[in-house]
Amino acid sequence: MTDSVYVGNAGQDAALDRGWLLGHFKDVSDPRHSEDVEIKWGVHPRGDERGQWVTGEERTALLVLISGRFRVELPGRSVLLAEQGDYVVWGRSVDHSWFAEEESVVLTVRWPSLPGYKATD
């Protein structure tokens, strides 16, 4: 790695930081450090689900299905991502949760990258 270039593999790198590839939580000397955006390579086994709904969201999010079947739960609405490339976008103040109906890979982009958001195990 040089000061401004990083080359990696999403599957391998994601395993090191709960799926997150880019965001404020990376060291400031790392080219993957960003306070503007966060990117996650999420690999979810069938039946994996978010334990609690995210509430009080202050970011906008884009979730793109790479493979599998993945359901995103939003207030009053359930969105099924079933075809490669299906995606959903939600804005600030939209609570959400999710469930992997099949083994799934999803790419999540959130902005801005804000400290203080972390799922508990």
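Reply: Start with a charged pair. A salt bridge here means a side-chain nitrogen of Lys or Arg within 4 Å of a carboxyl oxygen of Asp or Glu. Glu38 and Arg59 form one through their side chains, at 3.2 Å from N to O. Glu38 sits in strand S2 and Arg59 in the loop between S2 and strand S3 (60–67), so this pair ties together parts 21 residues apart in sequence. Helices (H or I, at least four residues) and strands (E, at least two) are DSSP runs, numbered from the N terminus.

Me: What should I know about the model and the numbering before going on?

Reply: This is a predicted model: local features need pLDDT of at least 70, side-chain atom pairs count only at pLDDT 80 or more, and totals for chains, interfaces and linings use all residues. Residues are numbered from 1 along each chain as its sequence is written, and side-chain values use heavy atoms, with hydrogens and water left out.

Me: Which salt bridge joins Glu38 and Arg110, and at what N to O distance?

Reply: Their side chains meet at 2.6 Å, N to O. Glu38 belongs to strand S2 and Arg110 to strand S8, so this bridge ties together parts 72 residues apart in sequence. Both residues are buried. Through shared partners, salt bridges join Glu38, Glu57, Arg59 and Arg110 into one network.

Me: How many salt bridges does the structure hold?

Reply: Eight. Another example is Asp17 with Lys26, whose closest N and O atoms are 3.2 Å apart. Asp17 is partly exposed, with a relative accessible area of 26%. Lys26 has 10% and counts as buried.

Me: How do I read the charges of the whole chain?

Reply: Count Lys and Arg as positive, Asp and Glu as negative; His and the chain ends are not counted. Each charge is placed at NZ of Lys, CZ of Arg, CG of Asp or CD of Glu. The chain has 13 positive and 20 negative side chains. The centres of the two sets lie 3 Å apart.

Me: Which helices and strands does the chain have?

Reply: One helix and eight strands. Along the sequence the order is α-β-β-β-β-β-β-β-β.

Me: How do I judge the overall size?

Reply: Take the radius of gyration over C-alpha atoms, and compare it with the globule rule: 2.2 Å times the number of residues to the power 0.38. For 121 residues a compact globule would have a value near 14 Å; the chain has 14 Å, which agrees. The C-alpha trace spans about 45 × 30 × 25 Å along its principal axes. Buried residues make up 36% of the 121.

Me: What about the surface and the contacts?

Reply: Accessible areas come from the Shrake-Rupley method with a 1.4 Å probe; for residues, only the protein chains shown count as cover. The chain's accessible surface is about 7300 Å², and 49% of this belongs to carbon and sulfur atoms. A contact means heavy atoms within 4.5 Å. Of the contacts with a separation of 6 or more, 65% are between residues 24 or more positions apart.

Me: Where is Gly23, and which residues does Gly23 touch?

Reply: Gly23 lies in the loop between S1 and strand S2 (38–44). Leaving out residues up to four places away in sequence, Gly23 touches Arg32, His33, Ser34, Val37, Glu38 and Ser113. Gly23 is buried, with a relative accessible area of 0%.

Me: What is worth checking in the backbone?

Reply: Most residues other than glycine have a negative phi, and most peptide bonds are trans. Arg18, not a glycine, has a positive phi of about 55 degrees. Arg18 sits in the loop between helix H1 (10–14) and strand S1 (20–22), and is partly exposed at 41% relative accessibility. Ser93 also has a positive phi, near 75 degrees. Ser93 lies in the loop between strand S6 (87–90) and strand S7 (97–100), and is exposed at 62%.

Me: Which peptide bond is cis?

Reply: The bond from Trp111 to Pro112, with omega near -10 degrees. Pro112 is in the segment after strand S8 (104–111).

Key: Buried means under 20% relative accessible area, exposed over 50%, partly exposed in between (1.4 Å probe, protein chains only).
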